[in-house]
Each structure stands twice: as structure tokens, then as C-alpha cells.
Amino acid sequence: MKKDYEKVDFALDKQKQTLLSLKQSVINEKNATESEDYKAALQKIIEDLEQEEQDLRNARELQQSGFENLDQKTNQLYTSLSNIMKTMHETQKAALQNLK
């Protein structure tokens, strides 16, 4: 699970770097302000990257939710097992006391 989170984090960081690079190239290009088609294309790329970033965030939240559910189920099973063992011990103890 942890490696999946690291992959998602790495992908998010990579996309942020790409997005910043694109924004910087728009600022640096003198012709970018004159060309509406170029600006529109870059805006579309930025929107696509932002959508992909959101999709990765959603995937990460889904994985985190799955992990939390698994952790909760594990705790429930542990509690159940503990209660069963306690009951077994009390039953054995009562049976031994009845023999006396």
C-alpha cells in the first residue's frame, strides 16, 4: 500500500513540475501572448494535467479508504478473537472450579 501512495505522490509531483514548466514557457515566450491558438492549446494542456492530477488524488483517496477499511476489519477480528479466548478461559476456569 505504501508503495502505491509513493507512486501517486511521485506522479503528482511530476505533473506539478510539468504544469509549472508549461506556465513558465508561456511567460517566457514573447509570441505566446500574440497567438490565441497557442494560448488555447496550452490552456487545454494545463486543464488536462489538472484533471489528471485530480484523478490521481481521487485514486489515492480511494486507496487510503480501502486501507482504513482493512485496518478497521482487522481490529474487529482481533477484538472478536480476544473475546472468544476470554470466554474460553472463563469456561475452563469454571469447569475446573466445579470439579473441586
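## Basis of the model

The structure is a predicted model, in which local features need pLDDT of at least 70 and side-chain atom pairs count only at pLDDT 80 or more, while totals for chains, interfaces and linings use all residues. Residues are numbered from 1 along each chain as its sequence is written, and side-chain values use heavy atoms, with hydrogens and water left out.

## Overall composition

The secondary structure of the chain consists of 2 helices and 0 strands. Both kinds of element are DSSP runs numbered from the N terminus: helices are H or I runs of at least four residues, and strands are E runs of at least two.

The chain has 100 residues, of which 11% count as buried.

## Helix H2

Helix H2 covers residues 36-99 and has 64 residues. From its first C-alpha to its last, H2 reaches 94 Å, close to the 94 Å expected at 1.5 Å a residue. The expected span of a helix is 1.5 Å times one less than its number of residues.

Within H2, the residues Leu42, Ile46, Leu49 and Glu53 are buried. An α-helix has 3.6 residues a turn, so residues three or four places apart point the same way.

Glu53 belongs to helix H2 and counts as buried because its relative accessibility is 10%. With its neighbours within four places in sequence left aside, Glu53 is in contact (heavy atoms within 4.5 Å) with Leu12, Gln15 and Lys16.

Glu53 also takes part in a salt bridge with Arg57, at 3.0 Å from N to O. The two residues both lie in helix H2, 4 residues apart, which is about one turn of the helix. Whereas Glu53 is buried at 10% relative accessibility, Arg57 is partly exposed at 34%.

## Salt bridges in the whole structure

A salt bridge is a side-chain nitrogen of Lys or Arg within 4 Å of a carboxyl oxygen of Asp or Glu. A search of the whole structure finds 2 salt bridges. One of them joins Glu53 to Arg57.

Another salt bridge is formed by Asp48 and Lys44, whose closest N and O atoms are 3.0 Å apart. Asp48 and Lys44 both lie in helix H2, with 4 residues, or about one turn of the helix, between their positions. Asp48 is partly exposed, with a relative accessible area of 39%, and Lys44 is also partly exposed, at 47% relative accessibility.

Among contacts in the chain with a separation of 6 or more, 74% are between residues 24 or more positions apart.

Ala11 lies in helix H1, which covers residues 2-28. Ala11 is partly exposed, with a relative accessible area of 23%. The C-alpha atoms of Ala11 and Glu52 are separated by 9.6 Å, although the two residues are 41 residues apart along the chain.

Ala59 is found in helix H2 and is partly exposed, with a relative accessible area of 31%. Ala59 and Val8 are 51 residues apart in sequence, and their C-alpha atoms are 8.2 Å apart in space. Ser25 lies in helix H1 and is partly exposed, with a relative accessible area of 25%. Between Ser25 and Leu42, 17 residues apart along the chain, the C-alpha separation is 9.7 Å.

Notes
Buried < 20%, exposed > 50% of the residue type's maximum accessible area, 1.4 Å probe, protein only.
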